[in-house]
Amino acid sequence: MTAQPLRFDAAPKVSIDSLTIADPGGRLILSDVSLEIAEGTTVGIVGESGSGKSTLLRAILGAVHRDLRVEGAIAVDGTPILGAPRSVVARLRREGAAYLGQDPPASLTPSMRVEQLIAERIVERATFRAITEALHAVQLPADREFRRRRPYQLSGGQQQRLALARALANRSRLLLLDEPTTSLDVVTQAMVLDEIARQQSGRTTVIVSHDLAVVAQLADWLVVLRDGEIIEQGPFIDVVRQPASDYLAEIIDACPDLAKKHDQRPAHSAPGGHHLASALKVDGLRAAYETRSGSVVAAADVSFDVHPGECVALVGASGSGKSTIARSVIGVHAPEAGTVRLADKVVAPRAADRTHGERRRVQLIAQDPWAALNPRRRVGAALARSVERFRGVPRSQAGKIGLDLFERVGLHPDLFNRRPDRLSGGERQRVAIAIALAAEPDVLICDESTSALDVSIQAGVLDLLAELQRELSLGVLFITHDLGVVARIADRVLVLDDGKLCEHGTLSEVFDHPHHEMTRHLLSTSPSLSATLEERSPSHIHQHAGGKTLEQPPPL
Amino acid sequence: MTAPSLLAPAPARHSRSLNLVAVVTGAILIAVVVLAVFGPWFAPHPAGQTIGRPLANTGADGWLGTDRLGRDVWSQILHGGRRTVIIPLVATLAATVAGDTVGLLAGRRPRNRILDAVLMVIIAMPAMLILLLLLHRFGKSAWVPIAAVVVVAFPYSVRYARSASAKAWGSSFVEQARLRGESNGWILRHEVLPNVAGPVLSDTGLRFATSVQLVTAASFLGFGPSAPATDWATQISKNLDGASLNLWAIAAPALMIALLTVPANLLADRLAARIEQ
């Protein structure tokens with residue numbers, strides 16, 4: 001069999017023809033997917049985890065796990081890729097395509113220098129000049145000192161750029177991106193997306209993401225994938241403005257968006273200063289955490305309070321010490337100074353010194369739904385144990401109460417006896433919420449509790465939290481870097497910069513009239529689907545999308 | 001649109017091969033242990049009895065021939081199993097129970113300098129040196145190799161159980177357990193132990209193989225039991241010179257040792273993988 005020679009000097013055309021991929025158990029991962037990607041265009045593929053979007057992207061590189069069964073065809077510039085001889089596939093990967101996966105810095109071998117990392121991806125002779133060009137293409141310096149550095153001697157942003165430079169160093173015209181910004185905070189995400197946007201011209205790009213707002217900034221053509229099937233595709237702006245499927249309308253609605261502030265409830269404290277008893281009050285908190293490179297001040301004289309039934313968002317860039325504040329409040333991190341009051345009573349700094357009743361009052365839901373649940377314990381047993389301990393009821397009754405809570409957070413009773421690895425991320429986070437509720441807390445601290453979830457799942461969890469907050473009069477301290485999420489759930493906003501609260505106020509005060517530079521920076525980098533659509537739409541006229549009016553983005 | 005061929009479930013190759021290995025190794029292991037423990041009762045000849053000329057070939061006297069003193073090799077195998085199997089088994093159990101207990105508790109605070117120093121000192125001493133010292137001091141009792149194995153294996157078990165459990169101890173689910181006021185004992189039993197049982201068990205299999213090695217090495221060097229008592233390593237060492245005349249006199253006990261250690265290792269691995277699932 002003689003394959004047509006691949007040519008790599010122009011942006012290629014990718015055709016996917018009724019591609020079907022099934023796992024060994026016969027479950028379909030992709031089902032009859034057909035897609036034409038024209039030369040030089042950018043296609044965004046959007047779908048939840050498990051929709052088969054990564055499998056589809058990797059199939060373009062001829063990378064399908066050997067246990068999977070494949071039918072259909074993929075061709076790059078007319079050259080068939082699936083079932084092609086190894087040499088063809090190898091050449092495509094080496095010379096014809098640039099691939100960037102999740103967590104791009106993880107692709108940098110720590111022991112290799114910048115120049116080696118670039119050189120190994122250059123197809124022809126890796127001359128000094130070729131390396132310089134590759135580095136300059138992503139706005140990295142190319143001086144001798146920089147070339148000799150190793151990845152850990154670079155900043156996070158530089159690592160992101162270097163990973164991109166490496167992917168592109170083979171000068172390929174096909175750029176494949178698999179959730180390249182998913183694990184990033186908004187500020188870094190904005191930087192990476194800018195850089196990718198700069199590299200788009202003259203290239204055919206495919207970007208896969210669960211986040212429509214990210215895809216919105218790059219894609220000409222949108223493909224919506226669900227359970228392995230394409231349920232909708234078309235020109236990006238048209239499809240988003242007039243979604244044909246309910247599913248896409250749902251995704252659009254679920255997108256965290258600065259412009260979609262929830263309806264404000266009446267303020268909990270009168271402007272005159274008459275306060276209701278606060279559920280949590282933190283005064284003059286000073287705390288630091290240790291890293292390899294020294295001690296980072298997480299909180300320098302931080303004071304705030306959370307009232308019953310109120311959601312307060314604590315916002316700041318990654319690494320600004322938001323988690324340390326949360327850990328100090330629940331008493332697992334020793335602060336240097338400051339007091340924590342629960343129900344107007346000062347409690348001991350260490351959880352071990354607090355009474356059982358005090359520990360009950362504040363519960364933490366952590367970021368990582370994997371780490372929070374014991375992988376060897378059935379979730380129902382873990383939940384029942386929490387009920388038993390905090391409510392002091394016998395075990396038989398605890399199981400029943402646990403099951404009620406389980407259903408209260410929207411989980412099917414069938415999942416009660418499962419281990420965490422048999423649950424999805426969203427289900428696990430709901431279990432974590434149920435376990436926290438078992439304690440009947442006054443205050444719930446959510447530490448980036450939804451940032452590891454797909455946007456559509458995240459929306460469901462946020463709705464649940466808002467509902468619980470209202471019905472149980474729960475005070476919620478929501479820690480996040482995502483202002484889109486803040487817009488959806490928070491009543492008041494605290495902005496943290498360098499360990500200090502640089503801004504606080506109600507949601508509309510902070511979003512509409514930001515005073516501090518940090519707030520403005522966070523607002524400008526937050527991806528906003530509606531704002532992007534406004535920008536990209538040629539007419540700049542208000543239009544309707546999915547029956548929802550797209551508002552003008554807040555003045556920045 | 002989709003071809004039906006894709007929808008038919010494929011046989012689950014992996015789990016079946018896993019079970020097959022477990023069954024085969026388990027059967028071999030049980031057979032060897034049964035042979036070793038009950039062997040003396042159905043040996044054709046009493047221990048140490050000469051039945052023919054030395055180093056006779058297979059068939060003439062007994063199906064594995066005779067050793068250098070004209071004793072039946074098969075009978076000697078059956079008489080020598082108990083010591084070869086039971087001493088390392090008891091020693092391994094003692095060492096891992098002690099080591100894992102200390103290690104699981106030490107996992108709470110993995111950086112304990114005093115414990116580290118003690119472990120390093122023991123690890124720095126050659127295993128054989130410890131064994132020979134104890135043998136010279138306390139004689140050829142069966143307890144000496146047991147004690148030696150416990151001393152030698154203890155630090156490795158501690159370190160393994162400690163690093164396996166440190167992750168669980170530092171996890172946020174243990175933190176949560178503390179926040180709801182659970183005792184250390186409860187946390188160890190319900191949160192930590194289930195997460196480390198698999199790795200610790202497979203480590204025990206490895207420890208067993210090394211303790212067989214240590215005990216047999218001592219016998220090979222002449223610190224084995226005095227005749228007529230015997231074990232497999234002693235048989236190998238005593239009959240080495242006659243290998244050209246009757247290979248079975250050393251091959252049979254060597255094979256028995258291999259049939260003990262290799263399946264033990266494989267089985268522990270499979271059981272661990274099973275617990276992990």
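The following legends describe close-up views of a predicted model.

Residues are numbered from 1 along each chain as its sequence is written, chains are lettered from A and ligands numbered from 1 in the order in which they are written. Because this is a predicted model, local features need pLDDT of at least 70 and side-chain atom pairs count only at pLDDT 80 or more, whereas totals for chains, interfaces and linings use all residues.

View 1. Helices (H or I, at least four residues) and strands (E, at least two) are DSSP runs, numbered from the N terminus. Strand S17(A) covers residues 443-447, and five of its five residues are buried, so the strand is largely enclosed by the rest of the structure. A residue is termed buried if 20 or more other C-beta atoms lie within 10 Å of its own, exposed if 12 or fewer, and partly exposed in between, with C-beta atoms placed from the backbone. In a regular strand the side chains alternate between the two faces of the sheet. In S17(A), Val443(A), Ile445(A) and Asp447(A) are buried on one side, and Leu444(A) and Cys446(A) are buried on the other. Strands are taken to pair if DSSP finds at least two bridges between them. Strand S16(A) (residues 362-365) runs parallel to S17(A) and is joined to it by four bridges, with Leu364(A) opposite Ile445(A). Strand S18(A) (residues 475-480) is also parallel to S17(A), through five bridges, and here Ile445(A) stands opposite Leu477(A). From S17(A) the chain passes through helix H16(A) (residues 455-471) to S18(A) in a right-handed β-α-β crossover; right-handed denotes that, with the strands pointing away from the viewer, the path from the first strand over the helix to the second runs clockwise.

View 2. Helix H14(A) (residues 395-408) has 14 residues and reaches 20 Å from its first C-alpha to its last, close to the expected 20 Å at 1.5 Å a residue. The expected span is 1.5 Å times one less than the number of residues. Ala398(A), Gly402(A), Leu405(A) and Phe406(A) are the buried residues of H14(A). They cover an arc of only 105° around the axis, which puts them on the same side of the helix; the arc is that of the directions from the helix axis to the C-beta atoms. Ser396(A), Lys400(A), Asp404(A) and Glu407(A) are exposed on the other side of H14(A). Helix H13(A) (379-391) and helix H15(A) (425-437) pack against the buried residues of H14(A), contact being defined by C-beta atoms, placed from the backbone, that lie within 7 Å. Just after H14(A), Gly410(A) takes a positive phi of about 85°.

View 3. Met518(A), Thr519(A), Leu522(A) and Leu523(A) are buried in helix H19(A) (residues 517-525). They cover an arc of only 135° around the axis, which puts them on the same side of H19(A). The elements that pack against the buried residues of H19(A) include helix H7(A) (186-199), strand S13(A) (311-315) and helix H17(A) (483-489). In helix H20(A) (residues 529-536), the buried residues include Leu529(A), Ser530(A) and Leu533(A). Among the elements covering the buried residues of H20(A) are helices H8(A) (212-216), H9(A) (236-241) and H10(A) (246-254).

View 4. Six bridges join S1(A) to S2(A), and Ile16(A) stands opposite Leu35(A) in S2(A). Ser18(A) is found in strand S1(A) (residues 14-22) and has a positive phi of about 30° although it is not a glycine. Ser18(A) is partly exposed, with 14 other C-beta atoms within 10 Å.

**View 5. Asp344(A) in a loop of chain A.** Most residues other than glycine have a negative phi. Asp344(A), however, has a positive phi near 65°. Asp344(A) lies in the loop between strand S14(A) (337-342) and strand S15(A) (345-347). Asp344(A) counts as exposed, with 10 C-beta neighbours inside 10 Å.

**View 6. The contact between chains A and B.** Chain B contributes 18 residues to the contact and chain A contributes 26 residues. On the side of chain B that touches chain A, helix H6(B) (172-179) and helix H7(B) (184-223) each supply at least two residues. The largest share of that side, four residues, comes from H6(B).

Technical notes
Contact = placed C-beta atoms within 7 Å.
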